[in-house]
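Here is a brief report on selected side chains and how they pair up. Look at the structure first, then read on.

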Amino acid sequence: MPGLAPQLGHLCLTVPPKPSPIKKWIIISLPSILPFEALTSAASSVSYVAKGDKEFEAGAAAPKAHKIRITLTSRNVKALEKVCADLITRSKDKDLRVKGPVRLPTKVLKITTRKTPCGEGSKTWDHLEMKIHKRLIDLTSPAEVVKQITSMSIEAGVEVEVTIA
């Protein structure tokens, strides 16, 4: 019959070789004999749906979710880990999507200096170093919720930087 695709036992649709773990692929099945127009329209209807997408009511607007990166920096590891744990527990209580803490490499600042101020005597040296620890926490939430989360008492010596994208 004219206008029919060749009779094949199955139809192969092209999909990416490694789909993202966040995406869920929906593949349609087709009978072996279909008009050519039906094949092209069916192949174009293959789509994906992201996991975790929630349906909202028709009248309600979805809250604008921002990607927020919180950068914590300190010389004291215990204080830094305590602030990270507090931030994560507060954000999980609000049912936010949290990634982290990501531990970045420690920066070691070294200074080598002579012990004697005049330069005479034995040549002895002092080796001083300061370690700077850094953590990243990524959140996906409205900006108002982040203000509630970060309005907590922070340990002394911990610097917090909030970036909203």
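## Serine 74 and its surroundings

The backbone oxygen of glycine 157 lies 3.2 Å from a polar atom of the serine 74 side chain. This is a predicted model. A polar atom of the serine 74 side chain also lies 3.0 Å from the backbone nitrogen of asparagine 76.

Where does serine 74 lie? Serine 74 is in strand β3, which covers residues 66–74. Is serine 74 buried or exposed? Its relative accessible area is 4%. Buried means under 20%, so serine 74 counts as buried.

Leaving aside neighbours within four places in sequence, serine 74 is in contact with Leu80, Lys131, Ile132, His133, Gly157 and Val158.

## Salt bridges

How many salt bridges does the structure hold? There are 6. The table gives some of them.

| Pair | Closest N to O distance |
|---|---|
| Glutamate 81 and arginine 135 | 2.8 Å |
| Glutamate 155 and lysine 82 | 3.3 Å |

Arginine 69 sits in strand β3 and aspartate 138 in strand β5 (residues 125–141). The two are 69 residues apart, and the pair links distant parts of the chain. Both partners are partly exposed: arginine 69 has a relative accessible area of 39%, and aspartate 138 has 23%.

Next come glutamate 81 and arginine 135, also joined by a salt bridge. Glutamate 81 belongs to helix α2 (residues 77–93) and arginine 135 to strand β5, so the pair ties together parts 54 residues apart in sequence. Glutamate 81 is partly exposed at 24% relative accessibility, whereas arginine 135 is buried at 6%. Both residues also belong to a network of salt bridges that includes Arg103.

The salt bridge between glutamate 155 and lysine 82 again links distant parts of the chain, 73 residues apart. Lysine 82 is in helix α2, while glutamate 155 is in the loop between α3 (143–150) and β6. Glutamate 155 is partly exposed, with a relative accessible area of 32%. Lysine 82 is partly exposed too, at 42%.

## A nonpolar surface patch

Which residues form a nonpolar patch on the surface? They are Ile154, Val160, Val162 and Ile164. Together they have about 290 Å² of accessible area. Isoleucine 164 is found in strand β6, residues 159–164. At 46% relative accessibility, isoleucine 164 counts as partly exposed.

Notes. Residues are numbered from 1 along each chain as its sequence is written. This is a predicted model: local features need pLDDT of at least 70, side-chain atom pairs count only at pLDDT 80 or more; totals for chains, interfaces and linings use all residues. Side-chain values use heavy atoms; hydrogens and water are left out. Patches are made of residues with over 30% relative accessible area and no salt bridge: like charges are joined within 9 Å, nonpolar side chains (Val, Leu, Ile, Met, Phe, Trp, Tyr) within 5 Å. Accessible areas come from the Shrake-Rupley method with a 1.4 Å probe; for residues, only the protein chains shown count as cover. A salt bridge is a side-chain nitrogen of Lys or Arg within 4 Å of a carboxyl oxygen of Asp or Glu. Helices (H or I, at least four residues) and strands (E, at least two) are DSSP runs, numbered from the N terminus. Buried means under 20% relative accessible area, exposed over 50%, partly exposed in between (1.4 Å probe, protein chains only). A polar contact is a pair of N or O atoms within 3.5 Å; within protein, one must be able to donate a hydrogen and the other to accept it, and residues adjacent in sequence count only if both atoms are side-chain atoms. Contact means heavy atoms within 4.5 Å.
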